[in-house]
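User: I would like to learn how to read the interfaces in a structure. Please take me through one feature at a time.

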Amino acid sequence: MITVNDLCLWYGSAQALHHINMAIPEKSITALIGPSGCGKSTFLKTLNRMNDLIPGVKISGEVLYNGENIFAPGVDVNMLRKEIGMAFQKPNPFPMSIYDNIAYGPRTHGITSRIQLDDIVERSLRGAAIWDEVKDRLKKNAHGLSGGQQQRLCIARALAVEPDVILMDEPTSALDPISTSKIEELAISLKEKYTIIIVTHNMQQAVRISDKTAFFLLGEMIEYDDTEKIFAMPRDKRTEDYITGRFG
Amino acid sequence: MKNRKQLAENAVHGVFLLLGLITVGCVLLITVYLIISGIPAIRQIGLFNFLFGREWASTAAEPAFGILPFILTSIYGTVGAIILGVPVGFMTAVYLAKVAPPRVKAAAAHAVSLLAGIPSVVCGLIGMRVLVPGIRALFNVPDGASLLAAIIVLAVMILPSIINVSITALEAVPKEYEEASLALGATPVETYFRVSVPAAKSGIAAAVVLGVGRAVGEAMAVMMVAGNAANMPSLFESVRFLTTAVASEMSYSGGLQRQALFSIALVLFLFIMLINAVLNFFLKRSKEK
């Protein structure tokens, strides 16, 4: 579904990604692990071209999404980001009501009918397992929710534009253990319909939820395989050192 | 030794306190002075007649002291300046805060602060030589010195406050909001207007109120372009503002006329106090966010 061929990325003159090759299967969870600054977040943000926003970024190689290179000149970045949604490290709901947060994306893409929006809002909130908690306060400001609820709201907001892929950039790093486990359950339930790529600092999390794991180090992808294999018998010494806690 | 240090410390604290008190004292002095000198004329003329009288003839044989023309002119002039100045200033702020490349932004920031530094008498002078004849020719009216000319000059003069305060508010919007919007497939322009601007709305409201304050208080520039006749306001008529009413007659006034000018200053002062209260309300709200 997503195929990465020989991807390199530079911030100005500093190379942050070195020749990444990777095929990400659909309707599964792929975890990206590695120490801070290893390039895993940079790589994730390349997939929906959020790196375009950083001045001085240069990219070579290609990322094929449904067979098309996302860096090709004719690509509509806004449509790409609609299909490849994202949840961020820090929950970032807009300073608006819960309803308006979810309806923001669909409205942007031209849906104005109240009935349709009501339907999308309910479906998205249910999809992100937060409907029961917020259904009685849809008109209240989203900033009144707890951190974990805000993060699920943000995932619901991403679902509302009907993406195929959801990128999650350390979505639980700012959350308590209970909220974390809710997000993890949510991720597992979402993979029935969506392809999920998650950056995580937490190796147990990768083991718990992911089907495949990629280990990044210093901008290189060291090893990429089924999660069980990576954690049971890593092929590379550096992967082994990292997952056994010898560094990072 | 320790005592001497403590003594010096106390002395410095005392100096700071004294300097602070001077500022507060000035405000108090002005307030008390205005109230004391503003009240007698209002008493003599009658509050209703003073505020709602439609005629101002301070030097006539049978003088009339109605300041409704000045009040309405100040309000219309300010509203007009806001209607013209806010869209321009606001759009400029959005452009500079969000769209403009760094170099353009730096150059424009210089231009804006330069505009803020132009003395109001210079604004008035240019208005008098360019705007007034321009209006006369363009609209075919006998005299271009009018409310319209004053509105245009005021609109230009309030631009810097509106732009600077709006930029500060827009730049304070957390980047995470904008990223979230872009990640949903919204275009940058949609993001600015549907996320950044709503998130900055208290600060932008403060910018508008600040502009109102500047426009209400401006005297010199409007005196030079508004013609200064005590008419009820109308776009192409010569008009007189609250500020210019005080400024233009004070030098030769006496008796009740002079007292009435102080009363006008008191009314102006109350206007400004009100605007400041509104401004503080918005500033406080935008900080709380």
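User: How many residues does the contact take from chain B and how many from chain A?

Analyst: Contact means heavy atoms within 4.5 Å. By that rule, 16 residues of chain B and 24 residues of chain A take part. This is a predicted model, in which local features need pLDDT of at least 70 and side-chain atom pairs count only at pLDDT 80 or more, while totals for chains, interfaces and linings use all residues. Residues are numbered from 1 along each chain as its sequence is written, chains are lettered from A and ligands numbered from 1 in the order in which they are written, and side-chain values use heavy atoms, with hydrogens and water left out.

User: What area do chain B and chain A bury between them?

Analyst: The size of an interface is often given as the accessible area lost when the parts come together. Here, buried area is the accessible area (1.4 Å probe) that two parts lose on being put together, summed over both. For chain B and chain A the value is about 1700 Å², with 64% of it on carbon and sulfur atoms. On the chain B side, Ala183(B), Leu184(B) and Arg194(B) lose the most area to chain A, and together they make up 39% of what that side buries.

User: Which helices of chain B supply the side that touches chain A?

Analyst: Helices (H or I, at least four residues) and strands (E, at least two) are DSSP runs, numbered from the N terminus. Helix H7 (175-183) and helix H8 (188-199) of chain B each supply at least two residues of that side. The largest share, seven residues, comes from H7(B).

User: How many salt bridges and how many polar contacts are there between chain B and chain A?

Analyst: A salt bridge is a side-chain nitrogen of Lys or Arg within 4 Å of a carboxyl oxygen of Asp or Glu. Between chain B and chain A the count is zero. A polar contact is a pair of N or O atoms within 3.5 Å; within protein, one must be able to donate a hydrogen and the other to accept it, and residues adjacent in sequence count only if both atoms are side-chain atoms. Four residue pairs across this interface are in polar contact, both residues at pLDDT 80 or more.

User: Which domains does the assignment give for chain B?

Analyst: Domain bounds come from an automatic or database domain assignment. In chain B these are domain 1 (2-52) and domain 2 (68-288). Their centres, taken over C-alpha atoms, are 28 Å apart. The contact between them takes 15 residues from domain 1 and twelve residues from domain 2.

User: What area is buried between domain 1 and domain 2 of chain B?

Analyst: About 1200 Å² is buried there, and carbon and sulfur atoms give 79% of it. In domain 1 of chain B, Leu34(B), Phe50(B) and Leu51(B) lose the most area to domain 2, together 39% of what that side buries. H1(B) gives the most to the domain 1 side, with twelve residues.

User: How is the aromatic pair of Phe90(B) and Phe193(B) described?

Analyst: A pair of aromatic rings is described by the distance of the centres and the angle of the planes. Rings of Phe, Tyr and Trp (its six-membered ring) pair if their centres lie within 6.5 Å; planes under 30 degrees apart count as stacked, over 60 as edge-to-face and the rest as tilted. The structure holds ten aromatic pairs over all chains. Phe90(B) and Phe193(B) are edge-to-face, at 6.5 Å centre to centre and 65 degrees between the planes. Phe90(B) lies in helix H3 (residues 68-99) and Phe193(B) in helix H8 of chain B, so the pair ties together parts that are 103 residues apart in sequence.
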